[in-house]
Amino acid sequence: MSLFNLAVLISGSGSNLQAVLDAVGSGTISNSKVAVVISDRDGAYGLERAGRSGITNMVINKKETEKLLDTLKSKNIHGIVLAGYLSILPSDVIDAYCGKIINIHPALLPLFGGKGFYGIKVHQAVLAAGAPYSGATAHLVDSGIDTGAALVRGVVPVYAGDTAEGLQKRVLEIEHTVLVQAVKALTEGKTDELKSNPLTIISENDKPGITDYAKGLSELGEVLTKTAAVK
Ligand code: GRF
């Protein structure tokens, strides 16, 4: 059986990349390999993580569309994972990989998404709005910003007294579980199922009402606890 080749695009630390690498290593994501890791900036720590795992890695500037497309083609890439990738993907790439590109966003889309909602700004906005819960969303990428169909969401509590940095850390933990479930679905050809029946994962540090909130979000899709999702 031939492997499903993934390209992971990053801009920073690459902890989401690491979660995907670990899931491929453990067999949670099976019959797949991360064939290339591409950063849009020099010095991204994720490149080092890739190198340590013996994976081809390189910097491709966001304006080098041809180089990006050529690399994806030469590596026989079947699907793309945007794991903390801060550039907007060129439309030629989106068209070439329609329905095969996943992004992880650190909020419960459609809330706190779109232009200007990136990094710590997302968590600052969640706190300013007084939202009782936040989380992460893995979604398909279309031509809009954070507008593609949600596949998997992970819900975490927001506590009184939270700082944006503290919330960011809590969200990042569930991002890893959420992204792995979405990439697994991509490699297994199950994204259509999730599009109509998104999965919602609840963090282990529960808060009253979180399950009902997650059920509402899941639009009648399945709700799992984080530990169940990891297994
Ligand atoms: C994550 O919060 C991701 O959602 C956001 O950037 C961060 C990247 O983290 N877009 P890492 O590089 O995967 O550690």
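User: In β7, which residue is the bridge partner of His-139?

Analyst: Two strands count as paired if DSSP finds at least two bridges between them, and strands are DSSP runs of E of at least two residues, numbered from the N terminus. Here Ala-150 in β7 is the bridge partner of His-139. The model is predicted: local features need pLDDT of at least 70, side-chain atom pairs count only at pLDDT 80 or more, and totals for chains, interfaces and linings use all residues. Residues are numbered from 1 along each chain as its sequence is written.

User: How many bridges join β6 and strand β7, and in which sense do they pair?

Analyst: β6 pairs with β7 (residues 150–157) over 7 bridges, in the antiparallel sense. Strand β5 (residues 101–105) also runs antiparallel to β6, joined to it by 4 bridges. Within that pairing, Thr-137 of β6 stands opposite His-105.

User: Why is strand β6 described as largely enclosed?

Analyst: A residue is buried if 20 or more other C-beta atoms, placed from the backbone, lie within 10 Å of its own. In β6 (residues 133–140), 7 of the 8 residues are buried, so the strand is largely enclosed by the rest of the structure.

User: What does the domain assignment give for the chain?

Analyst: Domain bounds come from an automatic or database domain assignment. For this chain it gives domain 1 (1–98) and domain 2 (107–231). Their centres, taken over C-alpha atoms, are 21 Å apart. Counting residues as in contact when their C-beta atoms, placed from the backbone, lie within 7 Å, the contact takes 18 residues from domain 1 and 13 residues from domain 2.

How values were computed: Buried ≥ 20, exposed ≤ 12 C-beta atoms within 10 Å, placed from the backbone. Contact = placed C-beta atoms within 7 Å.
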